[in-house]
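Notebook open. I want to see how this chain is put together, entry by entry.

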Amino acid sequence: MTKKVRMAIVGASGRMGLQLIQAVHQSQTARLVAALVRKKSPLINTDAGEFAGIGSIKVVFSDDLEAISDAFDIMIDFTSPQATLSHLAFCCKHQKSMIIGTTGFDEFGKEEIKKAAKKIGIVFSANFSIGVNLMLQLLEKTAAMIGDHSDIEIIEAHHRYKKDAPSGTALAMGEKIAKALGKDLQKEAIFDLTASLNERALGKIHFSTIRAGDIVGEHTVLFAGVGESFEMTHKATSRINFANGAVRAALWLAKKNQKGVFDMNDVLDFNEF
Ligand SMILES: NC(=O)C1=CN([C@@H]2O[C@H](COP(=O)(O)OP(=O)(O)OC[C@H]3O[C@@H](n4cnc5c(N)ncnc54)[C@H](OP(=O)(O)O)[C@@H]3O)[C@@H](O)[C@H]2O)C=CC1
Ligand SMILES: O=C(O)C1=N[C@H](C(=O)O)C[C@H](O)C1
């Protein structure tokens with residue numbers, strides 16, 4: 001029998017952390033060996049499975065990352081940019097691969113991830129759902145066909161607790177569209193229309209953000225032309241889809257065993273999980 005890939009989840013008591021505990025537990029080829037929480041969290045020593053609602057899994061929440069440095073193969077991180085950068089330094093030091101789902105990085109943070117990828121393997125994706133990654137491929141094709149003569153709007157909606165805006169996925173969609181059009185998103189993106197008193201400028205990519213209730217994650221891209229418009233929407237109805245995607249990416253990375261930054265598009269054909 002092949003050995004199971006040993007996973008450490010950081011931010012394990014968060015919204016995504018709890019789904020990741022379930023997803024790893026259900027996998028035939030992955031094994032949860034560590035569930036890390038914030039330093040001095042009151043949850044330390046609580047059974048992670050009990051807390052995630054799946055019954056005891058004999059892994060308790062811990063805040064001692066150094067203690068498990070030899071015990072895991074891949075770290076899965078859906079936390080905050082600041083926490084992820086500190087976990088990244090730890091993984092580089094101990095030569096561990098990483099799955100990064102955290103969004104909201106600034107340019108410095110993104111550069112740190114690129115630099116780390118010279119030492120370790122990383123799958124970094126703003127969205128680990130299969131549907132969104134399929135949509136990214138379709139957006140590339142759509143933008144190449146009709147993007148030049150359409151007004152492009154990216155509209156995203158998430159729960160009231162989300163800390164970054166626009167979502168990492170909305171920005172990834174904007175990047176994909178801009179690239180297909182041979183443009184630089186930094187120059188074409190409009191995040192705040194109230195700053196402009198003019199008609200819509202040609203070629204700009206507009207972003208709109210909704211934060212409300214418990215919306216898991218919805219993304220629509222509208223290509224509006226003259227006499228017709230075309231739109232694509234993805235709706236996540238449960239976070240388990242992101243967690244399953246992250247576990248799939250981790251198993252892919254374990255098998256690939258290479259340094260570098262990869263994304264979910266690299267993982268889509270992998271079905272051994
Ligand atoms: N790529 C994808 O597919 C997806 C990405 N995300 C992204 O994942 C991230 C987390 O989202 P979500 O689970 O909803 O957020 P939560 O706030 O529910 O969870 C974040 C977890 O990280 C922990 N954490 C944050 N900062 C630190 C720190 N400095 N040190 C130690 N622990 C820390 C939090 O601990 P504490 O509770 O103690 O604060 C919490 O357990 C976000 O960036 C979100 O955008 C979300 C869904 C899908
Ligand atoms: O914070 C979330 O919840 C989500 N964040 C990701 C993003 O910023 O794109 C992905 C997903 O839509 C859920």
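I started at L36, which stands opposite S62 in strand 3. I keep in mind that this is a predicted model: local features need pLDDT of at least 70, side-chain atom pairs count only at pLDDT 80 or more, and totals for chains, interfaces and linings use all residues. Residues are numbered from 1 along each chain as its sequence is written, and chains are lettered from A and ligands numbered from 1 in the order in which they are written.

Next I looked up the strands behind that pair. Two bridges join strand 2 (residues 30-36) to strand 3, and the two run parallel. I use "pair" for two strands when DSSP finds at least two bridges between them. My helices (H or I, at least four residues) and strands (E, at least two) are DSSP runs, numbered from the N terminus.

For contact I take C-beta atoms, placed from the backbone, within 7 Å of each other. Axes are lines fitted to C-alpha atoms, for helices over the stretch in contact, and angles run from 0 to 180 degrees between N-to-C directions.

Five of them form an open sheet in the order 8-9-7-10-11, and the pairing is mixed. Strand 8 (189-190) and strand 11 (229-236) are at the edges; each has a single partner strand, so one side of each is left without a neighbour in the sheet.

I checked the pairings in turn:
- Strand 7 and strand 9 run parallel, joined by seven bridges, and A157 stands opposite I210 in strand 9.
- Strand 7 and strand 10 run antiparallel, also over seven bridges, with V221 in strand 10 as the bridge partner of I154.
- Strand 10 (residues 217-224) and strand 11 are antiparallel over eight bridges; here H219 has H234 in strand 11 as its bridge partner.

Two helices lie across these strands. Helix 5 (residues 130-146) lies across strand 10 and strand 11, at about 170 degrees to strand 11. Helix 6 (residues 168-180) lies across strand 7 (151-158), strand 8, strand 9 (205-211) and strand 10, at about 160 degrees to strand 7.

**Ligands**

Which residues come nearest to ligand 1? Of the 24 around it, I noted G11, G14, M16, A83 and G101. (A residue is near a molecule if its C-beta atom, placed from the backbone, lies within 6 Å of it.) Helix 1 (15-26) and helix 3 are the elements that give two or more residues to this shell, and helix 1 gives the most, with three residues. The shell around ligand 1 divides into six nonpolar, 15 polar and three charged residues. Ala, Val, Leu, Ile, Met, Phe, Trp, Tyr, Cys and Pro count as nonpolar, Asp, Glu, Lys and Arg as charged, and the others, Gly among them, as polar.

Ligand 2 is surrounded by T103, A126, N127, H158, K162, S167, G168, T169, G217 and A236. I sorted that shell into two nonpolar, seven polar and one charged.

Most residues other than glycine have a negative phi, and most peptide bonds are trans. I went looking for exceptions. A165 and P166 are joined by a cis peptide bond, with omega about -10 degrees; P166 is in the loop between strand 7 and helix 6.

Phi of N45 is near 80 degrees, a positive value in a residue other than glycine. I found N45 in the loop between strand 2 and helix 2 (48-52). Is N45 buried or exposed? It is exposed, with 9 other C-beta atoms within 10 Å. The cut-offs: buried means 20 or more other C-beta atoms within 10 Å of its own, exposed 12 or fewer, partly exposed in between, with C-beta atoms placed from the backbone.

Q95 has a phi near 55 degrees, again positive, and sits in the loop between helix 3 and strand 5. Q95 counts as exposed because it has 11 C-beta neighbours inside 10 Å.
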